[in-house]
Amino acid sequence: MTQHALPRIPAATHAPAAASAPVPIDSSLPRFRPGWWVRGGHAQTLWPALARRVRLATTPEIVELPDGDFLRLDWVGRGGPIVVVLPGLQGDLDSSYVRGLLAACERRGWRAVLIHYRGCGTPN
């Protein structure tokens with residue numbers, strides 16, 4: 001049995017990470033300044049979860065799967081492009097960031113759908 005050596009790529013063909021071009025900053029955008037009551041990153045993370053209440057009317061849809069399981073979808077909006085929202089593992093329609101994202105899509109005239117993972121949203 002003959003062993004074939006894998007071809008070696010010369011090191012000169014690899015660009016080092018430090019040689020990457022910097023991402024340009026859009027100077028026309030206002031610089032982010034946190035409110036005086038949420039200076040630190042922890043406060044900025046907790047503030048929306050504790051204080052933000054987003055009213056949102058959704059249209060639920062259940063999609064039956066061939067294996068007997070199902071997916072729950074929650075829709076907002078009536079027209080426009082469709083935005084698919086895939087939350088984190090613990091995210092659902094009760095999460096403030098999910099509701100905020102869905103509401104923002106609806107305000108822009110977009111349809112949005114929240115896809116709950118299997119076993120989430122509604123028990124089998």
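Tutor: From the N terminus on, the elements of the protein chain run α-β-β-β-α-β. Helices (H or I, at least four residues) and strands (E, at least two) are DSSP runs, numbered from the N terminus. The model is a predicted one: local features need pLDDT of at least 70, side-chain atom pairs count only at pLDDT 80 or more, and totals for chains, interfaces and linings use all residues. Residues are numbered from 1 along each chain as its sequence is written, and side-chain values use heavy atoms, with hydrogens and water left out.

Student: In what order do the four strands form the sheet?

Tutor: Two strands pair if DSSP finds at least two bridges between them. Here the four strands form an open sheet in the order β1-β2-β4-β3, with mixed pairing. Because β1 (59–64) and β3 (82–85) stand at the edges with a single partner strand each, one side of each has no neighbour in the sheet. On average, neighbouring strands are turned by 25° against each other, direction ignored. The axes are lines fitted to C-alpha atoms, for helices over the stretch in contact, and angles run from 0 to 180 degrees between N-to-C directions.

Student: In which sense do β3 and β4 pair?

Tutor: They pair in the parallel sense, over four bridges. In this pairing, V83 stands opposite A112 in β4.

Student: Where does α2 lie?

Tutor: Helix α2 lies across β2 (70–76), β3 and β4, and runs at about 160° to β4.

Student: Which residues make up the largest nonpolar core?

Tutor: In soluble globular proteins, nonpolar side chains tend to be buried together. A nonpolar core is a set of buried Ala, Val, Leu, Ile, Met, Phe, Trp, Tyr and Cys residues joined through side-chain atoms within 4.5 Å. Buried means under 20% relative accessible area, exposed over 50%, and partly exposed in between (1.4 Å probe, protein chains only). In this model, the largest such core has 11 residues: V54, L56, V76, V85, L93, V98, L102, A103, C105, A112 and L114. The largest share, four residues, comes from α2.

Student: Which residues does A112 touch?

Tutor: Contact means heavy atoms within 4.5 Å. Not counting residues up to four places away in sequence, A112 touches D74, W75, V76, V83, L102 and C105.

Student: Is D74 buried or exposed?

Tutor: D74, which lies in strand β2, has a relative accessible area of 0% and is therefore buried. Its side chain makes a polar contact with the side chain of R72 (3.1 Å). A polar contact is a pair of N or O atoms within 3.5 Å; within protein, one must be able to donate a hydrogen and the other to accept it, and residues adjacent in sequence count only if both atoms are side-chain atoms.

Student: Is R107 buried or exposed?

Tutor: R107, placed in helix α2, counts as exposed because its relative accessibility is 66%.

Student: How many residues apart along the chain are G77 and R111?

Tutor: G77, found in the loop between β2 and β3, is 34 residues from R111 along the chain, yet their C-alpha atoms are separated by 4.4 Å. Leaving out residues up to four places away in sequence, G77 touches E106, W110 and R111.
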